[in-house]
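Please walk through this model with me, one region at a time.

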Amino acid sequence: MNKLEVRTLTPPRDLSTKLHVLASREALRRRRRASVEAFLTHLREEASLVFDNLMRPYAVPAMGGVLSTLVLFGVLAPYLSVNLRIERDVPTALATPAALESAFFMSLDESGEIVIDVSIDEQGRIIGYTLPRDQRWTKDPALVRNIETALLGTRFTPATVFGKPASGRTRLTLRRSHVDVQG
């Protein structure tokens, strides 16, 4: 008789590990499909894992850059500060307003204060004027005519910009005792 030989096969070493992995994946798949909440939890965990895997390579260099910037700024900031002490500001002569050179105005006994905005050309002559609103004297034609006549004879030193004559606007305030000029 022939003898039949039965060979015993030994499973590969990693078969047990492969079966455990396969069983674990199947258990995870079943748990994931058990409910909507479990599925959403799984999606959230997967997204977190993907985000972590994408961000970890950039997190350390980015934090190193931020920290080194803060340290360098902290060390250099005291040397970059500017300590300005302005005790007395000296005005520059880059631009000067027009100044009253000569004028002939009548005395203002009953009129009080008269305010006139005057436009002056480069030669110091008046080229126009406006009267601010709400002045009682503008309704008196004789007084307006007298002021216009006085303005015709008024001369100004023109305004300057970088030392050259320029046109400008000036406000004249006529009072009983004196004339104020504001450029």
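Contact means heavy atoms within 4.5 Å. By that rule, D121 touches I127, P158, A166 and S167, not counting residues up to four places away in sequence. The model is predicted: local features need pLDDT of at least 70, side-chain atom pairs count only at pLDDT 80 or more, and totals for chains, interfaces and linings use all residues. Residues are numbered from 1 along each chain as its sequence is written, and side-chain values use heavy atoms, with hydrogens and water left out.

Stay with D121. It sits in the loop between strand 3 (114–120) and strand 4 (126–130). Strands (E, at least two residues) and helices (H or I, at least four) are DSSP runs, numbered from the N terminus. D121 is buried, at 9% relative accessibility. Buried means under 20% relative accessible area, exposed over 50%, and partly exposed in between (1.4 Å probe, protein chains only). The D121 side chain reaches the backbone nitrogen of G124 at 3.1 Å. A polar atom of that side chain also lies 2.8 Å from the backbone nitrogen of R125. D121 and R125 form a salt bridge as well, with the closest N and O atoms 3.3 Å apart. A salt bridge here is a side-chain nitrogen of Lys or Arg within 4 Å of a carboxyl oxygen of Asp or Glu. R125 is partly exposed, at 43%.

Salt bridges that share partners also join E26, R29 and R30 into one network. Within it, E26 bridges to R29 at 2.5 Å between the closest N and O atoms. Both residues lie in helix 1 (residues 15–32), three residues apart, about one turn of the helix. E26 is partly exposed at 29%, and R29 is partly exposed at 32%. Another salt bridge links the side chains of K18 and D14 (3.5 Å, N to O). K18 is exposed at 52%; D14 is partly exposed at 37%. The whole structure holds five salt bridges.

Three strands form an open sheet in the order 1-6-7, with antiparallel pairing. Strand 1 (95–96) and strand 7 stand at the edges with a single partner strand each, so one side of each is left without a neighbour in the sheet. Two strands pair if DSSP finds at least two bridges between them. Strands 1 and 6 are joined by two bridges. T96 has T160 in strand 6 as its bridge partner.

F162 lies in the loop between strand 6 (159–161) and strand 7 (164–166). Most residues other than glycine have a negative phi. F162 has a positive phi, near 55°. F162 is exposed, at 64%.

How values were computed
Polar contact = N/O pair within 3.5 Å; in protein donor to acceptor, adjacent residues only side chain to side chain.
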